[in-house]
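Hi,

Here is the structure for your files. Please look through it before you read my notes below.

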Amino acid sequence: MKINWMHEVLKRKEQLIQDTQTFLRIPSVLDETTATAEAPLGKGVYEALQYLLQRGKEEGFTVKNVDGLAGHIEMGEGDEIIGVLCHVDVVPPGDGWTMEPFGAEIRDGKIYARGALDDKGPTMAAFYAMKIVKELGLPLTKRVRMIIGTDEESDWRCVERYFQKEEMPTMGFAPDADFPIIYAEKGIADFDLVQKEESELEEGNVKLLSFHSGRRYNMVPDLAEATLQTKQVQDVKERFMQFLKDVQSDGDTVIDGETITLRIQGISAHGMEPNNGKNAGLLLVQFLANEAMNSRAKMFIDFAHRYFCSDSRGKKLGVAHMNEELGDLTINVGIMSYTDEQGGKLGLNLRYPVTNDIAQTKKKIAEVAEKHGFALTNFSNSNPHYVAKDHPLIQTLQQVYEEQTGEKATLLSIGGGTYARSLKAGVAFGPLFPGREDVAHQKDEYMLIDDLLKATAIYAQAIYELAK
């Protein structure tokens with residue numbers, strides 16, 4: 001039986017758009033200040049989870065709420081499960097929007113809202129894909145289960161709890177990245193390098209009172225600030241203003257008696273490719289490396305300067321690694337801090353290909369850090385994720401994508417991490433089509449309505465082909 005999937009989507013177009021708008025208007029940002037036993041991650045996130053489960057119930061699916069942290073919507077029968085992994089939480093809207101971030105306004109064929117692209121728009125597309133397969137009464141030999149997370153943008157507590165209590169799907173996809181198909185994702189490790197106590201402290205002409213840049217391991221910091229104490233504040237100011245010109249960055253200084261605060265602006269980017277941004281913290285380190293500072297501060301600045309300035313590939317640390325499919329190991333210095341009382345700390349986000357031995361990499365970095373008076377602490381790791389190119393999941397999704405778009409379904413690898421990595425056989429599959437602007441996490445986030453409809457048709461056929 002030949003099914004015109006797009007025709008089926010267009011029949012339900014108005015309702016799909018309305019449901020997407022209603023869903024997007026729920027401000028589902030993690031907010032533990034409004035947490036309750038029922039809603040452990042806050043009111044907005046729980047409301048979005050409940051909305052989706054309620055819609056599932058209305059459509060005659062089997063639904064389950066797992067401790068307010070996750071849930072699922074299921075159809076079909078059989079021992080095997082095809083998983084569709086989605087999440088309802090969104091990052092905070094941030095500043096600079098030209099419209100209401102949770103207004104779900106439609107302009108010029110685009111639906112604007114935080115979460116339109118990541119991941120509430122695609123989640124609704126996948127929900128309607130399941131609805132279409134169900135309403136057509138197509139015979140399935142496997143269960144299809146949409147697994148709904150509520151903490152993807154933070155700590156993944158949702159999938160952790162979910163898979164402690166529920167079955168692992170045989171295979172599946174996450175509609176939370178790019179089309180055609182992402183079959184490989186780098187490993188991701190976060191850790192701190194913390195400066196140890198120094199017994200003897202020598203004074204220099206300049207005393208570093210504080211240094212700070214960045215808030216998150218996986219973002220390139222766009223602002224850095226340091227406060228110095230020195231009798232030569234004017235000299236420091238002149239050198240700093242010249243430095244700003246040399247590196248073509250904006251910044252300013254504030255003088256108060258014998259203290260001077262230096263501020264420099266960089267360019268933010270996702271930590272999976274530090275070279276796409278301009279790390280404000282490392283720029284400030286570059287300037288301070290030439291100042292005659294007290295010994296503890298000098299050790300902190302010199303260590304950061306020697307091993308991380310102009311090197312996001314771990315070459316200076318001796319841990320560089322390259323893999324043809326997944327590219328380079330990368331290191332992002334997401335957070336830097338120093339106080340006169342506590343010394344310095346670097347918060348690092350390391351992404352590595354499947355062929356890299358993370359235990360050896362960790363050991364090597366710890367050894368280098370130790371030599372310079374730093375200890376490696378707070379290490380957390382998510383292993384690389386990889387599905388073989390000839391796996392039936394990939395073969396099926398390639399066939400569906402090519403039939404629906406008429407374009408070749410090339411396989412992609414990324415430095416980011418999606419929910420697909422929580423499945424043994426899982427890939428990221430859409431919703432961003434090749435050549436489209438990636439506005440996830442940015443102001444005025446949107447999804448093209450044409451793309452929402454096209455993705456729904458692709459997901460409907462994919463679900464049917466995988467579960468029939």
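By class, the lining of the largest cavity splits into 8 nonpolar and 3 charged residues, with no polar ones. Bear in mind that this is a predicted model.

Strand 26 gives the most, with 3 residues.

On volume, the largest cavity holds about 70 Å³ of space. How many cavities of 30 Å³ or more does a search of the whole structure find? The count is 1.

Now the cysteines. The model has 0 disulfides by the distance rule. Take C86 as a case: the nearest cysteine sulfur belongs to C158 and is 12 Å away. A disulfide needs the two sulfur atoms within 2.5 Å, so C86 is in none.

Is C86 buried or exposed? Its relative accessibility is 0%. Buried means under 20%, so C86 counts as buried. C309 has a relative accessible area of 5%. That value is also under the 20% cut-off, so C309 is buried.

Best wishes

Methods: Residues are numbered from 1 along each chain as its sequence is written. This is a predicted model: local features need pLDDT of at least 70, side-chain atom pairs count only at pLDDT 80 or more; totals for chains, interfaces and linings use all residues. Side-chain values use heavy atoms; hydrogens and water are left out. On a 1 Å grid over the protein atoms alone, a cavity is a set of points where a 1.4 Å probe fits but cannot get out, and a pocket is an open set with protein on both sides within 12 Å along at least five of seven lines; lining residues have an atom within 4 Å of a point. Grid points are joined across faces, edges and corners, and a volume is the space filled by probe spheres set on the points. Helices (H or I, at least four residues) and strands (E, at least two) are DSSP runs, numbered from the N terminus. Ala, Val, Leu, Ile, Met, Phe, Trp, Tyr, Cys and Pro count as nonpolar, Asp, Glu, Lys and Arg as charged, and the others, Gly among them, as polar. Buried means under 20% relative accessible area, exposed over 50%, partly exposed in between (1.4 Å probe, protein chains only).
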